[in-house]
Amino acid sequence: MVEQAEAAPRARDPRLAGLRRIAIVPAYNEEESIRRVVEEIRAFDRELEIVVVDDGSHDRTSVVAEECGAHVVTLPFNLGIGGAVQTGFRYAFDNGYRLAVRLDGDGQHDASQLDALIAPVLADEADIVVGSRFAERSGYQSSRPRRAGITILAKTVSMLVGRKVTDPTSGFQALNRHAIRLFAADYPHDIPEVEAVLLVHKHRLRMMEVPVRMRERAGGQSSIGAVFAVYYMVKVLLALFVGLFRRNVSPLEDTK
Amino acid sequence: MTPLTVSIVAATASVALLVVVFEMIRSRRLRERYALLWLVTGVVLLFLSVWRSGLNTIAGWVGVTGYPPAVLFAVATLFILLVLLDYSTVISKLADQNTVLAQRLALLEQRLRDRA
């Protein structure tokens, strides 16, 4: 992966010139995969800064990420993916980044596909772009029971927002400053992506899905076990339902 | 058989519980995670108070012969125990995290003072 970076740099979109941009990488016990994730992001774009949010890992995730030259924010204990990712958005907001991408620390998101995610944001066609593994059904498609769960959530979410959403649980995303401001102020707990789709819709931000291929996780363990999955489905469906009746929280304001 | 008045009062109370919990989630005073057990409690109690013959049958199973609504109280008590137990674990976790936060904050302040 590093060799790739040292070869001739690929032609970057000219709109990226001087644009402060950051990759947010939530990681929980990912010491085996975090180095590769950081190196792949760097190979994709050297000017893309990287913040690894270590969600209270018990292993050397923070140490390894720091060795790789990423900014590292280490949470004092495990907040869950929602709290960890929002920490990344707050970091991006506080430090004035105009573009953020999000990749998981387990290596299932392939940084070389970030171009497809970033393009619609740069063209101002969307405020948030989500990489969908089901839009073209290629790459790792997740296990069968999990896929069934995702289908139920996708159907529900599509109905609620009145638009087809194929992969509401994907954390492979690109966001502009509007979306960063919103998520820095208000982001769902636990496993946030599904509820975030509704949140984005209610705030009238533009969301778009682009097809991506995902990989099977490179190391570590998924945060979702079988019992938890059932609980999670019930919780998310409840949250989606209640979310319809909720007042919006104002996004954080830029000071200047 | 359960007196009709008891059924009506119990059903009303269950609905009230559900409405209050829903409103608390909506206004963000209660997280979904902590609301779920309350909602299950409300739904089960509502179900038992409306399904009057069912309450009778269940009373028979557990040997309550004189006064079936006693089963309602028993079930309500059981769920309240569950909620309390769940909250005890939650409080324990919060206390642990609070300790960690206080320690980290104090160490951080100490480091800042040393630099000043």
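Two strands are taken to pair if DSSP finds at least two bridges between them. In the predicted model described here, strand E1 (residues 21-27) of chain A and strand E2 (residues 49-54) of chain A run parallel and are joined by 6 bridges. One of the residues concerned is Ile22(A), whose bridge partner in E2(A) is Glu49(A). Helix H5 (residues 114-122) of chain A packs on the sheet, where it touches E4, E5, E6 and E7 of chain A. The direction of H5(A) makes about 25° with that of E6(A). Helix H7(A) also packs on the sheet and touches E4, E5 and E6 of chain A, but its direction makes about 100° with that of E6(A).

The sheet as a whole is open and consists of 7 strands, with mixed pairing. The strand order in chain A is E3-E2-E1-E4-E6-E5-E7. At the edges lie strand E3 (71-74) and strand E7 (207-211) of chain A, each of which pairs on one side only. On average, and with direction ignored, neighbouring strands of this sheet are turned by 20° against each other.

Helix H7 of chain A comprises residues 177-185, and its buried residues are Ala179(A), Ile180(A), Arg181(A), Leu182(A), Phe183(A) and Ala184(A). The elements of chain A that cover these buried residues include helix H4 (81-94), strand E4 (99-102), strand E5 (128-132) and strand E6 (173-176).

The largest nonpolar core contains 75 residues. Within this core, the residues with the most contacts are Ile24(A), Val25(A), Val52(A) and Ile180(A). Helix H4(A) gives the most to the core, with 7 residues. When neighbours within four places in sequence are left aside, Val52(A) is in contact with Val25(A), Ala27(A), Ile34(A), Val38(A), Ala65(A), Ala70(A), Val72(A) and Gly105(A). A second, separate core has 7 residues, among them Ala10(B), Leu48(B), Val71(B) and Leu72(B).

Chain B contains 4 helices and 0 strands, and its pattern along the sequence is α-α-α-α. The radius of gyration of chain B is 22 Å, whereas a compact globule of 116 residues would have a value near 13 Å. The C-alpha trace of chain B spans about 75 × 30 × 15 Å along its principal axes. Of the 116 residues in this chain, 17% count as buried. Among the contacts in chain B between residues at least 6 apart in sequence, 62% join residues at least 24 apart.

The loop between H1 and H2 of chain B holds Leu30(B). This residue counts as partly exposed because it has 17 C-beta neighbours inside 10 Å, while a buried residue requires 20 or more and an exposed one has 12 or fewer. Apart from neighbours within four places in sequence, the contacts of Leu30(B) are Val21(B), Met24(B), Ile25(B) and Ala35(B).

Between the two chains, 11 residues of chain B are in contact with 10 residues of chain A. On the side of chain B that touches chain A, two or more residues each come from helix H1 (4-26), helix H2 (32-50) and helix H4 (69-115) of chain B. Of the elements of chain B, H4(B) gives the most to this side, with 4 residues. By residue class, the side of chain B that touches chain A divides into 5 nonpolar, 1 polar and 5 charged residues.

How values were computed. Residues numbered from 1 in each chain as written. Chains lettered and ligands numbered in written order. Predicted model: local features only at pLDDT ≥ 70, side-chain atom pairs only at ≥ 80, totals over all residues. Contact = placed C-beta atoms within 7 Å. Rg over C-alpha atoms; globule rule 2.2 N^0.38 Å. Nonpolar A, V, L, I, M, F, W, Y, C, P; charged D, E, K, R; others polar. Core = buried A, V, L, I, M, F, W, Y, C linked by C-beta atoms within 7 Å. Axes fitted to C-alpha atoms, helices over the stretch in contact; angles between N-to-C directions.
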